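Let's walk through this one together, sheet by sheet and then out to the loops and the pocket. Have the structure open as you read.

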Amino acid sequence: MTSAAARTALDLTAGLPLDALEDLYRDLHRHPEPAFQEHRTAGRLAGRLRDAGYETAEGIGGTGVVGALRNGDGPTVLLRADMDALPVTEQTGLPYASQTPGMMHACGHDLHVTWLVGAAQALAAGRDAWAGTLLVVGQPAEESGGGAAAMVADGLYDRFPRPDVLLGQHAAPGPVGRIAHVPGLILSATTDVEIVVHGRGGHGSRPETTVDPVVTAAFLVTRLQTVVSRELAAREQAVLTVGRIEAGTAPNVIPATARISLNLRTHSEAVRDRMLASIRRIAEGECLAAGCPREPEVRLGAAYPVTVNDADTDHRVAAVHREVLGADAVFDPGPAMGSEDFSHLADGKAPYSYWFVTTTPDDVWAAAPGAGLMEKAEAVPSNHSPHFAPDLAALAPGVRALVSGALAFMS
């Protein structure tokens with residue numbers, strides 16, 4: 001028997017203005033903007049929310065947008081989309097490819113905003129079918145990890161009611177229109193680390209008069225690979241990536257410093273703290289062995305918390321998604337090593353459900369090697385790839401997922 005929430009969601013999304021949503025998506029994709037500079041994107045979102053009847057505020061947490069639709073007594077439900085793009089040069093060859101040099105919506109945030117607009121419009125048009133308060137949030141700077149916290153710190157919940165439940169979704173590789181739900185830990189914590197190795201510079205012809213920080217950095221990079229492989233138990237999930245090394249200005253000059261940028265991903269704060277202690281120990285040991293004139297600097301950068309769905313909330317949303325999108329559409333892939341700042345919007349005070357919507361074009365998916373879902377997903381262009389290009393056929397299921405998720409609590 002179909003639930004009232006599912007029936008209402010199907011009714012409200014039966015006549016989605018897909019042509020208009022596709023036009024919005026193409027426009028957003030052509031004009032990507034970096035973290036905390038999403039002025040154009042925020043303006044597009046705010047305008048559509050005002051047109052749909054939402055009380056709308058802009059500039060929260062920098063460039064954040066909030067729309068509120070108060071519709072009688074009932075719970076307050078927050079729907080969120082992130083808006084920022086990445087410093088990636090697009091290589092999709094799409095006719096609506098990025099027009100901003102060196103910037104691309106390589107993580108699907110343009111699709112997220114379009115989904116949010118479609119859901120906001122459908123729920124506003126069908127307000128006779130639900131009761132409560134709907135908050136629609138366009139969040140800046142997810143990629144840098146500061147946008148959600150910035151909105152809360154800027155008085156988001158002083159100006160708008162605190163949500164009783166928060167819902168968010170993200171584009172991911174996979175055959176169009178499937179929904180990945182995990183009732184519990186779904187995304188890892190991440191921490192950026194920078195190490196500065198201090199050597200003694202000099203002429204490339206006289207290395208004996210120097211302490212070469214490049215050689216030390218090379219040893220350090222190699223030794224860091226043992227943190228996960230030799231210091232963590234097999235049951236403890238973690239990733240350590242060296243993403244950048246910077247040193248020197250010329251081939252015949254031994255520089256005075258070298259910089260190494262790392263990224264840690266873990267499923268727990270305890271493992272993270274142990275890894276950070278190991279990184280400090282290894283950095284200090286390698287620099288001591290090399291005779292560096294001073295200890296290395298180890299600095300912590302941007303960090304994201306773990307994303308842990310409230311199990312009851314996620315089960316409730318997944319149930320209505322099965323009704324609306326099909327029982328076979330919903331699956332549990334287990335926790336991923338990616339990270340998000342969505343949970344900062346909950347501010348530790350409300351349950352949330354966060355899920356993935358798969359978006360790979362049918363022809364790309366069919367041509368991918370492998371047999372199983374997870375195996376093929378590793379072979380197609382994924383988030384942060386210059387070739388990442390979601391299929392516009394994902395617009396309708398993404399909107400329906402948000403609408404039905406909201407109605408699971410407000411119907």
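This is a predicted model: local features need pLDDT of at least 70, side-chain atom pairs count only at pLDDT 80 or more; totals for chains, interfaces and linings use all residues.

Residues are numbered from 1 along each chain as its sequence is written, and side-chain values use heavy atoms, with hydrogens and water left out.

Start with the eight-stranded sheet. Its strands form an open sheet with mixed pairing, in the order S1-S2-S4-S3-S5-S16-S6-S15; two strands pair if DSSP finds at least two bridges between them. At the edges stand S1 (55-60) and S15 (330-331), and each has a single partner strand, so one side of each lacks a neighbour in the sheet.

Now for the helices on this sheet. Contact here means heavy atoms within 4.5 Å, and axes are lines fitted to C-alpha atoms, for helices over the stretch in contact, with angles running from 0 to 180 degrees between N-to-C directions. Helix H10 (residues 311-325) lies across S5 (165-175), S6, S15 and S16, and runs at about 35 degrees to S16. S16 (residues 352-360) is joined to S6 (residues 179-180) by two bridges, with the strands antiparallel. In that pairing, Ala180 has Phe356 of S16 as its bridge partner. Helix H3 (residues 39-51) packs on the sheet too, touching S1, S2 (64-71) and S4 (132-139), and its direction makes about 165 degrees with that of S1.

What covers the buried residues of H2 includes H3, H4 (109-125) and H14 (395-410). Buried means under 20% relative accessible area, exposed over 50%, and partly exposed in between (1.4 Å probe, protein chains only). By that rule, the buried residues of H2 are Leu21, Leu24, Tyr25, Asp27, Leu28 and His29. Why might such a set come from one helix? An α-helix has 3.6 residues a turn, so residues three or four places apart point the same way.

Next, the four-stranded sheet. This open sheet has antiparallel pairing and the order S10-S12-S8-S13. S10 (238-247) and S13 (297-304) are its edge strands, each pairing on one side only. From one strand to the next, the twist averages 20 degrees. Nine bridges join S10 to S12 (residues 257-266), and Glu246 has Arg259 of S12 as its bridge partner. Helix H9 (residues 269-290) packs on this sheet, touching S8, S10, S12 and S13, with its direction at about 160 degrees to that of S12. Helix H7 (residues 213-224) lies across S8 (189-198), S10 and S12, running at about 15 degrees to S12.

Two loop residues deserve a look. Ala141, in the loop between S4 and H5 (147-153), has a positive phi of about 55 degrees although it is not a glycine. Ala141 is buried, at a relative accessible area of 0%. His384 sits in the loop between H13 (373-377) and H14, and its phi is near 80 degrees, again positive in a residue other than glycine. His384 is partly exposed, at 42%.Finally, His384 is among the residues nearest the centre of the largest pocket (on a 1 Å grid over the protein atoms alone, an open set of points where a 1.4 Å probe fits, with protein on both sides within 12 Å along at least five of seven lines; lining residues have an atom within 4 Å of a point).
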